[in-house]
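Here are my notes on the two-chain model you sent. They are set out as numbered points, to be read beside the structure.

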Amino acid sequence: MLDTGLVLYSGAFGLILIGIAGIVLSSHLVRIIFGVALLEAGANLLLLLATWHEGAAAPIIVAGRVPDRMADPVPQALVLTAIVIGVGILALALSLALRVQRAYGTLDMHEVRRRMEQDIAGEAGIDLPSSSHAPAAVQTARQEGGA
Amino acid sequence: MQWLVLVIVVVMLTSAVAVLLLNDFLAALAALSVVSLGLSVLFVILRAPDVAMTEAAIGAGLSSLLFALALRRLGLWRRRGQ
């Protein structure tokens, strides 16, 4: 009644979608890294599903006898590598989050981005970039602050 | 077999949503390792036992440990009441 492949593909795409939603929608840096981890899991599952078919045998050669319908071992080796690389990416992202908290004292991305723009503009000696469509009160406040 | 796959996929997707919605970072980390363990069971069903072993050891074990150490250092390691 239910197609197993369909369920698996919807699980993989669901994980990818939830991961992208976490990256895009959340403002806390640790939650963004959680989203990256979810996206990784979904991508691994999708890559492994690419060559899987119903009733496949595990790609293990016993006593020189190759199984008749075995799953393709190449994407499995690639996923094996991707899992290990994923842990490296997570470690790098978490260490960057530690540095961000040490530098700015916060993990909220809106605050961090505002402070970074301020720092960059201050180092370059220019006014903060602002949109010409910003409300007039904001523009005058920025001009007075810059003058 | 297909009902087992359906149950595992539903559990994985629910806990993936829970990772993003839970306020408690410790609980979100637990939900993330539930996703990893479900993924390793799915890899066994997909006839990739070596990938399943790696996912269970590294994806669920090592990366949860990394997250836990980082949460402690970031000062987010606390229960909601504290």
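Which residues of helix 3 of chain A are buried?

1. The model is a predicted one, and the points below should be read as such. In helix 3 of chain A, the buried residues are A:Pro75, A:Gln76, A:Val79, A:Leu80, A:Ile83, A:Gly86, A:Leu90, A:Leu94 and A:Ala97. Their cover includes helix 2 of chain A and helix 3 of chain B. As a general point, an α-helix has 3.6 residues a turn, so residues three or four places apart point the same way.

2. Helix 3 of chain A is 32 residues long, and the distance from its first C-alpha to its last is 46 Å. That is close to the 46 Å expected at 1.5 Å a residue. After helix 3 of chain A comes A:Gly105, with a positive phi near 75 degrees.

3. Chain B contains 3 helices and 0 strands, and its pattern along the sequence reads α-α-α. Along the principal axes, the C-alpha atoms of chain B fill a box of roughly 45 × 25 × 15 Å. Of the 82 residues in chain B, 38% are buried. Taking contacts in chain B between residues at least 6 apart in sequence, 41% join residues at least 24 apart.

4. Between the chains, 35 residues of chain B are in contact with 38 residues of chain A. On the chain B side, helix 1 (2-21), helix 2 (25-45) and helix 3 (49-74) each supply at least two residues. Helix 3 of chain B gives the most to this side, 13 residues. By type, the residues of the chain B side are 26 nonpolar, 5 polar and 4 charged.

5. The largest nonpolar core has 42 residues, and A:Phe34 and A:Leu38 touch the most other members. Helix 1 (4-25), helix 2 and helix 3 (73-104) of chain A, and helix 1, helix 2 and helix 3 of chain B, each supply at least two residues of this core. Helix 2 of chain A provides the largest share, 10 residues. Neighbours within four places in sequence aside, A:Leu38 is in contact with A:Leu15, A:Ile18, A:Gly19 and A:Gly22, and also with B:Ala16, B:Val19 and B:Val35.

6. Helix 2 of chain B has 21 residues, which should span 30 Å at 1.5 Å a residue; its end C-alpha atoms are 31 Å apart, in agreement. B:Arg47 lies in the loop between helix 2 and helix 3 of chain B. Its phi is near 65 degrees, a positive value in a residue other than glycine. Is B:Arg47 buried or exposed? A residue counts as buried if 20 or more other C-beta atoms lie within 10 Å of its own; B:Arg47 has 21, so B:Arg47 is buried.

Terms used. Residues numbered from 1 in each chain as written. Chains lettered and ligands numbered in written order. Predicted model: local features only at pLDDT ≥ 70, side-chain atom pairs only at ≥ 80, totals over all residues. Contact = placed C-beta atoms within 7 Å. Helix = DSSP H or I, 4+ residues; strand = E, 2+ residues; numbered from the N terminus. Nonpolar A, V, L, I, M, F, W, Y, C, P; charged D, E, K, R; others polar. Expected span 1.5 Å × (residues − 1). Buried ≥ 20, exposed ≤ 12 C-beta atoms within 10 Å, placed from the backbone. Core = buried A, V, L, I, M, F, W, Y, C linked by C-beta atoms within 7 Å.
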